Amino acid sequence: MNLEPLIETTRAYSCISCAKCTGRCPLARASYELDRDGGYSPRAVVSKALQGEIDDHSGMIWDCLTCNACALKCPSDVDFPGFVRQARSKIRKERANGQVRLCTGGSQLSEIANLMAERDLQQKRMDWVGDLQVAVEGETLYFVGCLPYFDLVFPDVVHTQTIAQSMVKIMNAAGIAPVVLANEVCCGHDKLWTGEEDVFKALARKNAAMIQERGVKRIVTSCPECYRTLKLDYPEFVDFNVEVVHSSQFLSELISDGTIRFKDEPETERTVSYQDPCRLGKHMRVFQEPRDVINSIPGLRLEEMTETKAESACCGTSAFSGCDKVREKIRLDRLSQAKSTLVTACPKCQIHFKCTQHTNQTISPEVQGIEVKDLANLVAEAMEAHV
Amino acid sequence: MTEPLVAEREPAAFVPRILAFSCTWCSYQAADLAGTSRREYSPHVRIVRVPCSGRVDSSFVLKALANGADGVLITGCHPGDCHYVRGNIFAEKRFERLAKLVLALGLEPERVRLEWISAAEGDRLAKTANEFAETIRRLGPLK
Ligand code: SF4
Ligand code: SF4
Ligand code: SF4
């Protein structure tokens, strides 16, 4: 396997084997704590690659969460998640399916994305809209993401469509009836990061065409993965160039310019924690806006967890892949650092946290009782009713 | 992605591609019985034997549809007769969720079907297969 281009574009050649990456990696830390011989090591993967070998047998290429914590620490600026992504594509193109291990829910979502890419579907995914104002054409588009499907695949665990309802409710209050695509397809994030580049491109082309047809100037997403994918990856892989913002940035803007206001009297006073989603924080460096939004809500006080921002561990799973006791430990550690409410800004973080709360038999009642809630829901609830 | 089962199809003569997941204890035996008793049934139904209808994850069905099947049939033991006691009950619960996914995706709900067929019901298996093949033929290819 020719690794030259891969090593070149991710600057792996400049690795000095310092192992700062492994020291920072949430997966390496959690696996070491569970089993001293576990030994997940991004450094070892890079070293092997520099000797001309992609080691997909140990599974390390497939284990990585691609969370970017390591890359932010690396003194040589090695893009390890980028390395993993390209290595996975190469393995799947050249030899085999690789060792991607999706959970049952994740496999369904993966097949749904395949159907969306392969078939000409006329979806019925707009039930959540109800009385809210949405449009067919216009300048601002709300990219819903897979929320309607999350709720059908994990009905016992989440109701993520309430996030979409909150967002559109807030947009309506700000005088915006956003464009919502009746036939939006999965952004393709999980396909791209699990090495199915062709499926990713097919999905990206479909969304790009639909979005560009509607005169859209700005896209708002609820999911940090959609955000990263539309903003960074679409322009790289398909013909696409539209401004993209994440809901936290959009909400922070509406709050600071006074477009949306909150009820004066908070019904409750509470201290909350905030989970930095890996795509939003460590990939896109959006750390401040979600915090600003939380702090502007009357009655809420943000208390940082022990590890935050670039130092924080992600929710422990990306692309629904590789879920096991190590990832579960990452989530339980996060939850046990949190106050009574853990605010998220990612529907997928919410799924993984709640799934663990729902299924883990050994979880303590305190950890189980932590409410995991999206930023948009908090804002919508605290908002002044507009006349 | 895997190759479609049949590479090319003429629009005039639509040959439905149907996948059936049949449990090894009841309905797969029923298919054998249909064979030994020389009952003819649609050749477009291809059977995959599974240990239990409870083994059929919704992703298997979606995968079949994504990879070229026009319809998917799941068959298991009658409630109360499951070799693993409750596997078919799980299958039924899962199927209710699958049916909602199929609707949301904009596919005709008739493209997926769950049926209970015991080892003694060779006739019923043949009849179900024929009916289902006819339904799918009427719906036409999945676009
Ligand atoms: S932190 Fe960077 S330089 Fe150090 S071992 Fe990891 S990849 Fe190499
Ligand atoms: S991307 Fe995240 S999970 Fe992967 S090696 Fe780096 S820190 Fe570890
Ligand atoms: S925690 Fe996430 S990856 Fe693990 S089983 Fe639940 S939904 Fe799947």
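## Briefing: chain A sheet, ligand shells and selected residues

Three bridges tie strand β4 (residues 270-274) of chain A to β5(A), and the two run parallel. This is a predicted model.

**Overall build of chain A**

- Chain A holds 20 helices and seven strands.
- Its radius of gyration is 21 Å, close to the 21 Å given by the globule rule for 387 residues, so chain A is as compact as a globular protein of that length.
- The C-alpha trace of chain A spans about 65 × 45 × 35 Å along its principal axes.
- Of the 387 residues in chain A, 60% are buried.
- Take the contacts in chain A between residues at least 6 apart in sequence: 78% of them join residues at least 24 apart.

**The open sheet of chain A**

- Four strands make up an open sheet, in the order β5-β4-β6-β7 (chain A), with parallel pairing.
- The edges are β5 (300-302) and β7 (371-374) of chain A, and each of these strands pairs on one side only.
- From one strand to the next, the twist averages 40 degrees.
- Strands of a sheet pair through backbone hydrogen bonds, in parallel or antiparallel fashion.

**Ligand 1**

- The shell includes the cysteines Cys15(A), Cys18(A), Cys21(A) and Cys74(A).
- Ile16(A), Ser17(A), Ala19(A) and Lys20(A) also surround ligand 1, as do Arg43(A), Pro75(A), Ser76(A) and Val78(A).
- By class, the shell around ligand 1 has eight nonpolar, two polar and two charged residues.

**Ligand 2**

- Ligand 2 has 13 residues around it, and Cys25(A), Cys64(A), Leu65(A), Cys67(A) and Cys70(A) come nearest.
- Helices α6 (69-73) and α7 (80-94) of chain A are the elements that give two or more residues to this shell.
- The shell around ligand 2 splits into eleven nonpolar and two polar residues, with no charged ones.

**Ligand 3**

- Cys103(A), Phe154(A), Thr317(A), Phe320(A) and Cys323(A) are among the residues around ligand 3.
- Arg331(A), Ile351(A), His352(A) and Cys355(A) are also found there.
- Helix α18 (residues 347-359) of chain A gives the most to the shell around ligand 3, with three residues.
- Six residues of the ligand 3 shell are nonpolar, two are polar and one is charged.

**Positive phi values**

- Most residues other than glycine have a negative phi.
- Ala319(A) sits in the loop between β5 and α17 (325-337) of chain A.
- Ala319(A) counts as buried because its relative accessible area is 6%, under the 20% cut-off.
- Arg38(B), also not a glycine, has a positive phi near 55 degrees.
- Arg38(B) lies in the loop between α1 (27-36) and β2 (45-50) of chain B.
- Arg38(B) counts as exposed because its relative accessibility is 76%, over the 50% cut-off.

**A buried glutamate in chain B**

- Glu115(B) belongs to strand β4 (residues 112-116) of chain B.
- Glu115(B) is buried, at 17% relative accessible area.
- Beyond its neighbours within four places in sequence, Glu115(B) is in contact with Leu73(B), Ile74(B), Thr75(B) and Gly76(B), and also with Arg124(B) and Thr128(B).

How values were computed: Residues numbered from 1 in each chain as written. Chains lettered and ligands numbered in written order. Predicted model: local features only at pLDDT ≥ 70, side-chain atom pairs only at ≥ 80, totals over all residues. Heavy atoms only, no water. Near = heavy atom within 4 Å. Nonpolar A, V, L, I, M, F, W, Y, C, P; charged D, E, K, R; others polar. Pairing = 2+ DSSP bridges. Axes fitted to C-alpha atoms, helices over the stretch in contact; angles between N-to-C directions. Buried < 20%, exposed > 50% of the residue type's maximum accessible area, 1.4 Å probe, protein only. Contact = heavy atoms within 4.5 Å. Rg over C-alpha atoms; globule rule 2.2 N^0.38 Å.
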